[in-house]
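I opened the model to look up its fold, its cores and a few single residues. The entries are in the order in which I made them.

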Amino acid sequence: FSKETIKGYKTLIKNLDEFEQKKGIIKPHLVDSKLYDSLINFFSDEAEKEYSPNYIGSIIKRIKAVISNYLIEDLNIKFPNYNPSKWTKPTNETLKTYLTLKEIHTLFNLDLTNYHKEYDNVRDVYCFNALTCGVRVSDYLQFKKHNLITKMVNGEKQHFLEFKQSKTSSKVRTPIGKTALSIIKKHNGFPKIQSGQKSNEILKELG
């Protein structure tokens with residue numbers, strides 16, 4: 001192998017180590033389409049460094065090579081739920097899906113009475129984030145009540161969200177509109193989610 005190829009696989013070890021520290025150990029029977037989605041979501045949003053689609057594609061390519069050329073062929077390890085054709089290189093289109101303001105309000109007004117409480121939480125987290133700061137999931141999960149501040153602006157009371165971005169350590173202050181404020185009041189604070197992967201699955205269903 002070339003030095004660049006070896007360097008790439010050494011980096012892959014670090015990438016997977018970071019993933020496993022936060023998401024759990026990857027075992028052969030867990031290598032499936034859900035793991036693929038989880039890897040894509042993690043490296044595009046939750047990892048310490050936010051990677052480009054091309055870089056994430058190189059991670060997926062190396063994982064497939066290790067599984068096929070070493071773990072299966074040389075070590076005879078079985079991967080019962082692995083379908084390599086499903087592990088495709090991500091593109092900008094697959095990583096980024098946008099809603100219009102009208103669509104966000106339609107989502108916010110969905111009647112989720114007959115759904116599990118988690119659906120309501122995920123919907124509200126998404127809508128709050130979309131209508132305020134658009135932060136990474138890892139940053140959102142750090143929000144506490146002290147991040148909510150109220151100031152008088154031109155004689156009127158206005159509400160703001162104030163926090164430091166984990167990636168840049170820069171301080172951010174963003175206004176909180178009526179809809180976003182109603183979400184805070186509804187949950188008596190910030191609504192919470194269990195995991196980014198599960199939330200993405202719920203969002204697809206809600207969509």
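The notes below go from the whole chain to its sheet, helices, cores and single residues.

**Ground rules.** I am working from a predicted model, in which local features need pLDDT of at least 70, side-chain atom pairs count only at pLDDT 80 or more, and totals for chains, interfaces and linings use all residues. Residues are numbered from 1 along each chain as its sequence is written, and side-chain values use heavy atoms, with hydrogens and water left out.

**Whole chain.** I counted nine helices and three strands in the protein chain. Helices here are DSSP runs of H or I with at least four residues, strands are runs of E with at least two, and both are numbered from the N terminus. From the N terminus, the order of elements is α-α-α-α-α-α-α-β-β-β-α-α. The C-alpha trace spans about 70 × 40 × 25 Å along its principal axes. Of the 207 residues, 36% are buried; buried means under 20% relative accessible area, with a 1.4 Å probe and protein chains only. I also looked up contacts (heavy atoms within 4.5 Å). Among those with a separation of 6 or more, 61% join residues 24 or more positions apart.

**Sheet.** In what order do the strands of the sheet lie? I found an open sheet ordered β1-β2-β3, with antiparallel pairing. Pairing requires at least two DSSP bridges between two strands. β1 (148-153) and β3 (171-175) are the edge strands, each pairing on one side only. The twist averages 35° from one strand to the next. Strand β2 (residues 156-164) is joined to β3 by five bridges, and K164 stands opposite K171 in β3.

**α6 and α8.** The axes of α6 (residues 117-131) and α8 (residues 178-187) come within 9 Å and cross at roughly 145°. These axes are lines fitted to C-alpha atoms over the stretch in contact, and angles run from 0 to 180 degrees between N-to-C directions. On the α6 side I listed contact residues including K117, D120, C127, F128 and L131; on the α8 side, T179, A180, I183 and H187 are among them. The buried residues of α8 are T179, A180, L181, I183, I184 and H187. They pack against α5 (101-108), α6, β1 and β2. Just after α8, N188 has a positive phi of about 55°.

**Cores.** A nonpolar core is a set of buried Ala, Val, Leu, Ile, Met, Phe, Trp, Tyr and Cys residues joined through side-chain atoms within 4.5 Å. The largest has 23 residues, and F128, Y140, F143, L161 and F190 have the most contacts inside it. α5, α6, β2, α8 and α9 (196-206) each supply at least two residues of this core. Its largest share, five residues, comes from α6. Apart from this core lies another of 20 residues, among them L12, L35, I60 and I67. Leaving out residues up to four places away in sequence, F143 touches C133, V135, L161, F163, F190 and K192.

**Single residues.** Beyond its neighbours within four places in sequence, N15 is in contact with F43, Y51, Y55 and I59. I40 lies in helix α2 (residues 33-46) and is buried, with a relative accessible area of 8%. I40 and K89 are 49 residues apart in sequence and 9.6 Å apart in space, C-alpha to C-alpha.

Conventions:
Buried < 20%, exposed > 50% of the residue type's maximum accessible area, 1.4 Å probe, protein only.
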